[in-house]
Amino acid sequence: MSESIFPATAFNVSLVGVGGQGILLTSDILALAAMNAGYDVKKSEIHGMSQRGGSVISQVRFGEKIYSPIIPDGASDVLVSFERLEALRWLHLAKPDAKVLVNNLNLAPITVSSGQQPPVADEQARLAARTGLLLLDAVSLAREAGNLRTANVALVGALATFTPIAKEHWQTALQTRVPSTFLAVNQKAFELGYRAMS
Amino acid sequence: MSEKRLLSANEAIAQAAYCADCRVAAAYPGTPSTEVMENIARFHGEINCEWSVNEKVAMEIAIGASLAGVRSLVAMKHVGLNVAMDPLMTFTHMGAVGGMVIINADDPGMHSSQNEQDNRSLAKFARCLLFEPSDSQEAFDMTVAAFELSEKFHVPAIVRTTTRTAHTSTVVDTGDCQRGAVEPIAYVKDPQRNVAIPAFARRMRFSVEKRMEALRELSEASAFNRAEPGEGDVGIVTSGVAYSYVKEVFPDIPVFKVGLCFPPPLEKIRAFAAPLQRLVVVEESDPVLAEQIRAAGIPALEPKTELRMMELNPSRLATLREELLGTTPPVAAPPQSGIPIRPPVLCAGCSHRGPFYILSKLKATVCGDIGCYTLGSAAPLSGMDTCVCMGASIGSAIGMRKAFGPDKRIAAVIGDSTFFHSGITGMLDAAYNKVPVAILVLDNRITAMTGHQENPGSGHTLLGEISTEVRVADLARACGIQHVREVEAYDLAVLEAAFKEALDCGEPAVVVVRGPCVLHAGYRGGAALTVDEDACTACGACFRLGCPAIIRGADKDGTGKRFKSHIDPQACIGCTLCAQVCRFNAISPLPE
């Protein structure tokens with residue numbers, strides 16, 4: 001009977017990072033793209049205290065019929081991390097054969113920068129040991145697109161290549177969710193992220 | 001037009017209120033309920049809506065509107081309902097006229113709350129109707145139904161969400177919006193019905209029990225309460241978001257879904273249980289349904305798997321499945337070890353940082369309160385001794401003074417919105433009873449923690465209209481406080497002098513610390529600061545401010561023990577507190 005637990009019919013994406021990095025916009029775009037593609041979707045996120053520079057997690061599931069909004073540990077098909085330390089913190093969410101897409105950026109938490117806790121000395125090595133790891137310099141791509149604040153959308157572009165959602169649905173979602181004045185630069189960032197993985 | 005949209009339960013509830021002809025809505029912000037009112041505000045031309053001063057007032061506004069014959073809504077987080085219970089408990093005696101819906105958001109697992117409480121018990125206590133949606137579609141459908149049934153049965157109806165439903169977006173079909181279909185009910189002055197004095201209230205009390213009989217029949221007939229067939233002789237009764245975990249982990253067994261939760265459909269559940277060998281109730285938080293089911297003589301087993309505290313999730317239910325059916329749960333890799341925590345912090349340049357630094361320095365006993373400034377309790381500021389509930393700082397400081405006697409420095413620290421919510425009465429008590437406590441109001445002119453909602457001190461209403469800007473100092477003087485001072489947040493010497501004076505003056509004192517929220521107002525003190533590495537002695541004084549812009553710099557002597565500081569110029573907004581605490585003049589503004 002064990003095959004009926006945590007059905008493989010759902011496609012699970014966990015998105016993690018630091019408050020203020022644009023994780024919620026990213027998961028919005030993913031959830032909209034999945035809905036545009038005709039899937040049932042659940043997007044679950046925790047805000048509140050996490051807005052003040054804390055660790056943030058958002059989870060998106062899509063498929064024919066989605067029940068639980070929470071992805072079971074170890075069942076994410078893709079883990080997207082906006083920061084390296086957060087990637088390590090949430091690595092256990094990913095399936096053994098998952099894609100682990102990590103923005104190549106380190107933001108020291110206050111516990112480390114103020115000396116209360118030691119940094120992870122072998123951070124790079126631990127990440128490098130992970131199968132399915134894809135390090136992406138999203139900040140450089142955002143700079144190339146013309147606006148540093150589009151780093152999250154560059155990650156969306158990269159994420160798009162690992163999902164069964166056709167590109168047109170992503171583009172529609174982007175149009176729905178991004179203000180028209182910033183649409184062109186975000187479309188460019190999406191394209192750069194998409195091509196970086198192709 | 002029928003239309004599929006991706007909505008959170010909070011957004012779906014706002015849409016439902018509009019479609020169900022709600023005309024008056026009031027709320028006090030509180031995670032995870034805040035977005036209900038923010039979304040209702042989009043319909044402000046047709047729904048008269050406001051941020052109320054607190055949940056009790058919001059509840060009373062909804063009650064008044066209902067008694068006037070229109071449909072009304074009030075929204076709050078779980079602890080908000082504690083504040084609003086007084087009017088609710090009597091209103092349930094009188095009963096609604098226009099349909100009245102209470103949106104109550106519980107926070108299992110305490111993502112952003114001071115306690116865990118299951119408010120389904122309060123629905124039972126108050127004898128209200130209670131709906132428990134599992135997703136946004138149900139939040140929409142149940143809110144529409146709650147308005148109708150509240151009006152039909154003259155009973156306030158609670159829609160109980162949780163953090164997980166309130167903040168999960170799911171696909172919602174809002175159907176054809178029927179706005180305009182329901183007219184207000186003509187107002188009739190009826191003291192026997194609407195004046196709760198003993199003679200009338202006794203009669204009301206009997207009508208409550210009669211109403212309960214009708215509600216029990218309603219629950220038995222409701223389509224929100226349904227059995228879903230499955231295989232085997234183990235069945236599960238479940239409700240709310242727990243239903244979604246049950247369907248995920250037990251897709252094969254019979255499930256009874258309770259959507260209209262109070263009063264529960266006990267006869268339907270009895271029929272569901274009859275052919276089963278074992279019945280288990282899976283509900284998030286307290287055994288509210290389980291106890292009622294057992295009290296009705298329906299045997300429900302008590303699983304060994306712990307399901308009572310904190311949020312449920314599929315992994316916890318997989319453990320339950322192992323207990324019930326012997327299925328081996330999937331094994332996930334353990335989390336990485338040695339990952340430093342990343343707690344939320346006061347922002348770089350936050351106007352609350354200076355006050356906590358000074359309070360630590362003055363070794364005051366600090367009774368704190370609810371808001372962003374509760375983050376001042378964390379190391380390295382460590383500026384708080386207690387934090388109970390909204391407004392409790394002042395009352396508990398008074399109690400501490402009475403317990404400790406005169407020789408201790410005792411401060412109450414409270415933000416502006418919390419002060420207006422329920423700090424004023426505590427202050428009045430200190431003035432009236434002449435209790436020497438220092439009441440420090442950290443006034444950033446906004447309700448910051450929940451995402452910048454307007455309040456009586458901000459000068460604007462929910463809809464952004466200009467309003468009276470209440471001054472805390474004026475209120476303090478009006479309440480009879482003689483020692484009232486107003487200071488700016490960013491001069492540590494001024495703060496220290498004002499706090500010392502207030503703590504040591506031997507009478508009730510109020511100090512208003514003024515400084516706008518840096519996130520909201522886009523405040524900049526000036527140029528970003530920088531550290532002169534040659535002048536820095538690695539003394540660590542600036543690190544004790546707990547500012548996220550101050551990061552560890554060079555190792556002073558190569559021993560890995562003492563580090564010079566470095567300031568992130570992107571994060572620094574130039575508040576200069578670090579320059580003020582540096583005794584070696586090592587920190588100065590970057591040239592513009």
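Predicted model: local features only at pLDDT ≥ 70, side-chain atom pairs only at ≥ 80, totals over all residues.
1. Two strands pair if DSSP finds at least two bridges between them. Strand S1 (residues 11-18) of chain A and S4(A) run parallel and are joined by four bridges. Val13(A) stands opposite Val78(A) in S4(A).

2. S4(A) also pairs with strand S5 (residues 94-103) of chain A; five bridges join them, and they run parallel. Here Ser76(A) stands opposite Ala94(A) in S5(A). Strand S4 of chain A covers residues 76-81, and six of its six residues are buried, so the strand counts as mostly covered; buried means under 20% relative accessible area.

3. Strand pairing also crosses from one chain to the other. Strand S2 (residues 40-45) of chain A is joined to S8(B) by three bridges, and the two run antiparallel. In this pairing Lys42(A) stands opposite Thr170(B) in S8(B).

4. How many residues of each chain are in contact across the interface? Chain B contributes 63 residues and chain A 55. The size of an interface is often given as the accessible area lost when the parts come together. Between chain B and chain A, the buried area is about 4,900 Å², and carbon and sulfur atoms give 63% of that. Glu248(B), Pro340(B) and Arg342(B) supply 17% of the area that chain B buries against chain A, more than any other three residues.

5. On polar terms, the interface of chain B and chain A holds 16 residue pairs in polar contact, both residues at pLDDT 80 or more. Several elements of chain B give two or more residues to the side that touches chain A, among them strand S1 (4-8), strand S8 (168-173) and helix H13 (314-325). The largest share, seven residues, comes from H10(B). By residue type, this side of chain B divides into 34 nonpolar, 17 polar and 12 charged residues.

6. Three salt bridges are found across the interface of chain B and chain A. In one salt bridge the side chains of Arg61(A) and Glu248(B) meet, at 2.9 Å from N to O. Over all chains, the count of salt bridges comes to 42. Why does the pair of Arg61(A) and Glu248(B) join two chains? Arg61(A) lies in strand S3 (residues 55-63) of chain A, while Glu248(B) lies in helix H10 of chain B, so the pair joins two chains. Arg61(A) counts as buried because its relative accessibility is 1%. Glu248(B), at 4% relative accessibility, counts as buried too.

7. Within chain B, Arg179(B) forms a salt bridge with Glu46(B), and their closest N and O atoms are 3.8 Å apart. Arg179(B) lies in the loop between S8 and helix H8 (191-194) of chain B, and Glu46(B) in the loop between helix H2 (35-40) and strand S3 (48-51) of chain B, so the pair ties together parts that are 133 residues apart in sequence. Glu46(B) is partly exposed, with a relative accessible area of 42%.

8. A further salt bridge in chain B pairs Glu138(B) with Lys257(B), with the closest N and O atoms 2.9 Å apart. This pair links distant parts of the chain: Glu138(B) is in helix H6 (residues 136-153) of chain B and Lys257(B) in strand S11 (residues 255-258) of chain B, 119 residues apart. Buried or exposed? Both Glu138(B) and Lys257(B) are buried.

9. Salt bridges also link Asp106(B), Asp118(B), Arg120(B), Glu132(B), Arg160(B) and Glu283(B) in a network.

Key. Residues numbered from 1 in each chain as written. Chains lettered and ligands numbered in written order. Heavy atoms only, no water. Contact = heavy atoms within 4.5 Å. Buried area = accessible area lost by both parts, 1.4 Å probe. Salt bridge = Lys/Arg side-chain N within 4 Å of Asp/Glu carboxyl O. Polar contact = N/O pair within 3.5 Å; in protein donor to acceptor, adjacent residues only side chain to side chain. Nonpolar A, V, L, I, M, F, W, Y, C, P; charged D, E, K, R; others polar. Buried < 20%, exposed > 50% of the residue type's maximum accessible area, 1.4 Å probe, protein only.
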